[in-house]
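What follows is a walk through a structure, taken one region at a time. Keep the sequence and the 3D view at hand while reading.

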Amino acid sequence: MPDVVVIGAGVVGAACAYYAARAGLSVTVVDQGAVAGGTTGAGEGNVLVSDKEPGPELDLASLSAGLWSDLAAEVGGFEYEPKGGLVVAETPEVLTALTGLAAKQESSGVRAEVVTPEEYEPNIARGLAGGVYYPQDAQVQPMLAAARLLHASGAQIRTGVRVTGFTRSGDRITGVRTDEGDLPAGAVVNAAGTWAGDIAALAGLPLPVLPRRGFILVTEPLPEPLIHHKVYTAAYVTNVASEDEGLETSAVVEGTPSGPVLIGASRERVGYDRTVSYPVLARLAEQAVALFPALATRKVIRAYCGFRPYCPDHLPVIGPDPRAPGLYHATGHEGAGIGLAPATGLLISRVVTGYSGQPGRPIKSGANGRSGPAESGGQLDLDLFPFRPERFT
Amino acid sequence: MKYDLIVIGAGPAGMAAAGTAARGGLRVALVDSAAQLGGQFHRQPPPELGGGNVRDDPTHERLGRDQSIEQAIQAPAPRRDFLRLRDRLTGVDLHLGCRVWAVEPSFAVHHDGGTLTGERLLIATGAHDRVVPFPGWDLPGVMTAGGAQALLKGNLVVAGRRIAVAGTGPFLLPVAAGLAAAGARVVGVFEAARQMGALARYPAKLAEGAGYAATLARYRVPYHRGQAVVAAHGADELAKVTVAKIDDGWRAIRTREIECDALAVGYGFVPQLDLPVQLGCATTRDSDGSAIVAVDDQMRTSITGVHAAGETTGVGGAELAELDGIIAGHSITGTPLPDGVRRRRERARAFARLLHEVFPVRDGWRDRLRADTIVCRCEEVPYQAICDAQALGAVDTRSLKLLARPGMGWCQGRMCGYAVARLAGEDPPPPRRPIAQPISLQNLAAYPLRSTNDDA
């Protein structure tokens with residue numbers, strides 16, 4: 001019997017498996033599809049601190065950004081690029097708001113620098129009011145990241161296996177039922193992303209995780225890099241936090257080591273509808289060309305969509321579920337799942353191995369932070385209270 | 001004003017359907033990416049031989065890139081069946097040289113030069129070469145059989161001086177015969193299949209094959225069954241190939257080497273389903289495992305107002321495609337089908353199924369891949385990278401693509417899709433290509449603002 005069953009082989013499930021294994025636990029990962037086959041496979045690989053207001057999510061992001069750097073050294077093989085992010089403002093009013101946000105972020109430990117955009121991106125449109133550069137922003141290839149973490153975890157990976165229910169002893173969760181038989185486990189981690197609400201429902205627990213659709217355009221590979229950092233307009237920050245049901249788009253543009261440029265980002269609440277919305281693609285193209293005029297004649301060769309798992313308060317769900325002891329959730333990261341995965345995985349491994357979930361002793365990351373059952377009973381440096389699963393009831 | 005019908009694809013199926021619908025009184029648009037009517041089978045050279053006619057299908061590029069050994073020939077007279085199809089198009093609006101990159105559920109058809117709108121659609125986008133990788137297949141001088149044929153028909157260019165033709169299927173015969181008649185020395189046709197006796201049930205088809213066989217005999221072209229080209233060699237360009245006798249599973253038994261400067265290799269065809277998948281048409285499997293559009297006996301797809309005809313509904317050749325097109329045209333206009341069409345179509349479809357049985361593609365080609373054999377040319381993905389991705393947990397076509405990048409490049413997996421799927425142990429899934437043809441960002445940005453035929 002494994003110590004932990006993780007439901008979901010996306011990047012969050014992979015990080016949970018990795019840190020649980022590093023804490024000395026035996027892990028089995030199950031997924032209805034393939035490794036990185038869900039939202040992870042449709043992601044850009046954002047590791048961002050720049051787009052978050054000061055608060056619990058930014059604290060999580062800051063912890064996670066450092067962990068990604070460590071993982072690149074410990075595991076590697078997933079195109080980690082600490083290339084920095086450039087947020088630009090079209091108007092003086094937006095620039096004022098942007099620099100105001102940057103000042104608040106700095107007091108939360110984020111490094112930010114007011115810059116002239118063309119000094120960082122020679123090909124960017126002229127006439128922008130200004131920008132802020134965030135050196136901690138980075139990028140990973142999310143599918144490879146998930147696959148490498150899963151591989152490094154040594155976990156047993158069971159893809160194409162659908163979870164159909166839970167085994168229980170009283171309230172306590174003692175394992176999962178699958179279409180290939182029961183899997184008893186000491187702890188079960190629900191890292192099913194957009195589908196995590198359905199998994200929770202199998203245990204009779206409400207968990208309001210819903211899909212928020214996004215499209216990405218992919219250009220032909222460019223012979224030489226046109227774009228050096230992750231670049232986006234300040235409107236992205238307000239869109240991320242928006243409550244609007246309708247379509248929102250803001251330019252998010254970046255190059256990749258393989259050559260193509262990735263262009264996002266759109267947000268729509270349309271359920272799991274995969275029908276391609278060409279007007280949305282046209283807006284993404286228009287905004288990208290406005291930001292980088294040299295892209296105008298470059299060709300788009302692909303487009304795809306994915307579904308961000310979001311909760312009503314736009315915070316992830318991380319931690320034990322008091323309604324069903326033995327069940328832990330790690331989901332609801334919306335568009336930030338790649339970036340927030342390592343911190344989520346680390347914190348889940350801590351609470352599974354008996355940490356109290358209260359702030360206190362700092363967590364060290366990296367090889368020196370290797371923990372084991374001997375450390376059980378310690379305290380987390382990050383308060384999981386804002387992320388608690390039962391907060392919606 | 002909207003068109004009553006937009007036909008996408010001007011091969012035998014599309015031409016027949018457009019002609020039938022126009023004669024039934026409909027206002028019809030016929031769209032094709034090529035500059036000339038005809039599709040792959042009836043491909044015509046451009047009036048001034050301006051070139052550029054061949055490259056509308058990425059798998060019709062030369063697999064290598066050298067052109068120095070190619071020689072030009074005189075244009076042959078068009079076939080009579082092509083002229084008959086063409087002459088029926090009176091009154092049809094032709095939109096040639098228009099690459100369709102998207103079709104919306106409103107039946108707005110977006111191409112690189114504008115947008116057309118219609119009340120109904122007919123998808124007749126044909127098929128492209130099925131490519132199977134082997135060591136050396138990316139050398140200059142190696143091309144698909146369809147590519148060699150397109151060069152010959154569309155550009156009046158012979159692909160080389162000493163040419164080997166290899167693969168499987170009846171299409172190898174016209175390719176070899178055409179190349180030989182155009183002056184190339186065809187050093188051999190290497191057909192993987194061995195047992196072809198079942199084809200004798202179709203005397204008319206047998207006679208067609210006998211015609212090609214006579215041409216091959218006249219030019220002393222040997223035709224070998226149960227053999228395959230298992231490797232291509234050369235420093236900078238193709239110099240020789242390794243030919244093997246193969247067993248029923250396509251494993252090599254005994255090999256020899258043959259000098260040649262060109263290799264045309266064809267393993268059948270893959271239906272081109274980008275647009276029907278965009279529209280949400282239900283798909284099914286042909287008897288060879290290919291994903292095809294599901295149609296009823298009227299050639300109606302699962303989407304109201306959308307018909308499909310020809311190779312998109314199952315690869316079966318020009319005659320079957322034309323009959324499909326006639327049936328679809330009559331279904332759309334509500335006019336009665338001429339006597340005999342349905343019976344001829346059933347017979348042609350049965351023959352197509354038999355061809356799938358007689359000329360299967362077996363997985364033994366996988367044994368020939370070396371660590372450095374390129375599987376995806378666009379992204380330069382070697383076989384080793386596929387194996388590495390499998391070791392990391394890639395269990396299907398899509399996860400192989402996500403972890404190792406095959407199919408992410410310019411041709412969007414049209415070339416490597418079959419091979420990658422078989423390496424993943426499955427039949428190729430229906431292609432999801434929301435952008436069916438590359439389009440510049442400025443054109444994509446501007447498309448909602450363009451005028452259409454619906455504005456008037």
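The angle between two helices is taken between lines fitted to their C-alpha atoms over the stretch in contact, and runs from 0 to 180 degrees between N-to-C directions. The structure itself is a predicted model.

With that in hand, take helix α3 of chain B, residues 145-155, and its partner α4(B). Their axes are 10 Å apart, and the helices pack at an angle of about 40°. The crossing of the two is left-handed. On the α3(B) side the contact is made by Ala145(B), Gln149(B) and Leu152(B), and on the α4(B) side by Leu172(B), Pro174(B), Val175(B), Gly178(B) and Leu179(B). Sorted by class, the residues of this contact are six nonpolar, two polar and no charged.

Leu156(B) is not a glycine, yet its phi is positive, at about 55°. Is this residue buried or exposed? Its relative accessibility is 4%, so Leu156(B) counts as buried.

Helix α4 of chain B (residues 172-181) also meets helix α5 of chain B (residues 203-218). Here the axes come within 9 Å and cross at roughly 35°. This crossing, too, is left-handed. From α4(B), the residues in contact are Leu173(B), Pro174(B), Ala176(B) and Ala177(B); from α5(B), they are Gly209(B), Tyr212(B), Thr215(B) and Leu216(B). The contact of α4(B) with α5(B) has six nonpolar, two polar and no charged residues.

Chain B is divided into domain 1 (2-50 + 59-128 + 270-356), domain 2 (133-266) and domain 3 (374-424). Between the C-alpha centres of domain 1 of chain B and domain 3 of chain B there are 29 Å.

Another helix pair in chain B is formed by α7 (residues 318-333) and α8 (residues 341-358), whose axes are 9 Å apart and which pack at an angle of about 140°. α7(B) and α8(B) are therefore oblique to each other. α7(B) passes α8(B) in a left-handed crossing. Glu319(B), Leu320(B), Leu323(B), Asp324(B), Ile326(B) and Ile327(B) of α7(B) meet Val341(B), Arg342(B), Arg344(B), Arg345(B), Ala348(B), Arg349(B) and Ala352(B) of α8(B). By class, this contact has seven nonpolar, no polar and six charged residues.

Next comes the stretch around α10 of chain B, residues 397-404. This helix is mostly covered, with six of its eight residues buried. Those residues are Thr397(B), Ser399(B), Leu400(B), Leu402(B), Leu403(B) and Ala404(B). What do they pack against? Their partners are α5 (142-153) of chain A and, in chain B, β24 (381-382), α9 (383-391) and α11 (417-423). After α10(B) comes Arg405(B), with a positive phi near 75°.

Arg405(B) is also one of the contacts of Glu379(B), which include Pro221(A), Met408(B) and Gly409(B). Glu379(B) lies in the loop between β23 (374-376) and β24 of chain B, and is buried, with a relative accessible area of 16%. Glu380(B) is found in the loop between β23 and β24 of chain B. Glu380(B) is exposed, at 61% relative accessible area, and its phi is positive, near 50°.

Leu217(A) lies in strand β13 (residues 210-219) and is buried, with a relative accessible area of 0%. Beyond its neighbours within four places in sequence, its contacts include Val261(A), Leu262(A) and Ile263(A), as well as Leu441(B) and Leu444(B) of chain B. Ile301(A) is 84 residues away from Leu217(A) in sequence, while their C-alpha atoms are 7.9 Å apart.

Strand β16 of chain A (residues 261-267) contains Ala265(A). The peptide bond from Gly264(A) to Ala265(A) is cis, with omega near -5°.

Asp182(A) is found in strand β11 (residues 181-184) of chain A. With a relative accessibility of 44%, Asp182(A) counts as partly exposed. Not counting residues up to four places away in sequence, Asp182(A) touches Thr167(A), Val176(A) and Arg177(A).

Definitions and conventions:
Residues are numbered from 1 along each chain as its sequence is written. Chains are lettered from A and ligands numbered from 1 in the order in which they are written. This is a predicted model: local features need pLDDT of at least 70, side-chain atom pairs count only at pLDDT 80 or more; totals for chains, interfaces and linings use all residues. Side-chain values use heavy atoms; hydrogens and water are left out. Domain bounds come from an automatic or database domain assignment. Helices (H or I, at least four residues) and strands (E, at least two) are DSSP runs, numbered from the N terminus. A crossing is left-handed if the near helix is turned anticlockwise from the far one by less than a right angle, and right-handed if clockwise. Contact means heavy atoms within 4.5 Å. Ala, Val, Leu, Ile, Met, Phe, Trp, Tyr, Cys and Pro count as nonpolar, Asp, Glu, Lys and Arg as charged, and the others, Gly among them, as polar. Buried means under 20% relative accessible area, exposed over 50%, partly exposed in between (1.4 Å probe, protein chains only). Angles under 35 degrees count as roughly parallel, over 145 as roughly antiparallel, 65 to 115 as roughly perpendicular and the rest as oblique.
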